[in-house]
Amino acid sequence: MELVDLYDENRIPLGKTAERYAPKGPGEYRAVVHVCAFDSRGRLLIQRRAAEKVNWPGKWDVSIGGGVDAGETSRQAAEREFREELGYPLDLGDLRASVTVNFDGGFDDFFILQKDFDLSALVLQREEVAEVRYVTEEEIESMRREGSFIPYPDGFLTFLFAMRDTFGFPSK
């Protein structure tokens, strides 16, 4: 059973935990994370979710995503998820989430970084990830329109591409 910390609508910890997928009470929210890893050519590393996944099976998504476990920070969860899903010990150092998106059940922190990965050296967690590849902004928008990518809102993926060169994001 995976436990998550609960927060109020202002992201103030409530001092309570709950099972990750259990219904939450009014005013109770959890945190999730995504990492968007761009290479030096401006392409985004994406993953195709395993066919056995409950949510969005077989769909493409950004580099990694997952829940923040009880007692973890978003940065720790992003590093753990990257290591678990792609077999790479990512160190985000003091990098903060580039953007936080509120969703019905909580807060979704997106970390954006630039790093060139040798895709053949990544060790995919087969229960989670079927394959990985790099794509351009045009390719990802085409995938989203045709339905092979998780249906992020119009313009959101474009926004992530625009953010990669903003505010001096470091290479890690």
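Salt bridges, pair by pair

Trainee: What's the relative accessible area of aspartate 69?

Mentor: Aspartate 69 comes out at 21%, so it is partly exposed. The cut-offs are under 20% for buried and over 50% for exposed, with partly exposed in between (1.4 Å probe, protein chains only). The model is predicted: local features need pLDDT of at least 70, side-chain atom pairs count only at pLDDT 80 or more, and totals for chains, interfaces and linings use all residues. Residues are numbered from 1 along each chain as its sequence is written, and side-chain values use heavy atoms, without hydrogens and water.

Trainee: And which side chain does aspartate 69 meet in a salt bridge?

Mentor: Arginine 80, at 3.5 Å from N to O. The rule asks for a Lys or Arg side-chain nitrogen within 4 Å of an Asp or Glu carboxyl oxygen.

Trainee: Is arginine 80 buried or exposed?

Mentor: Buried, because its relative accessible area is 11%. A network of salt bridges with shared partners takes in Arg80 and Asp69, along with Glu72, Glu81 and Glu84.

Trainee: How many salt bridges in total?

Mentor: The count comes to 12.

Trainee: New topic, the segment before β1. What does glutamate 2 pair with?

Mentor: Glutamate 2 meets the side chain of arginine 20 in a salt bridge, 3.1 Å from N to O. This pair links distant parts of the chain, 18 residues apart: glutamate 2 is in the segment before β1 (3–7), and arginine 20 is in the loop between β2 (13–19) and β3 (30–38).

Trainee: What about accessibility for arginine 20?

Mentor: Arginine 20 has 14% relative accessibility, so it counts as buried. Glutamate 2 has 39% and counts as partly exposed.

Trainee: Next, arginine 48. Which glutamate does it meet?

Mentor: Glutamate 131, in a salt bridge of 2.8 Å, N to O. Here, too, distant parts of the chain are linked: arginine 48 belongs to strand β4 (residues 44–49) and glutamate 131 to strand β9 (residues 129–135), 83 residues apart.

Conventions
Helices (H or I, at least four residues) and strands (E, at least two) are DSSP runs, numbered from the N terminus.
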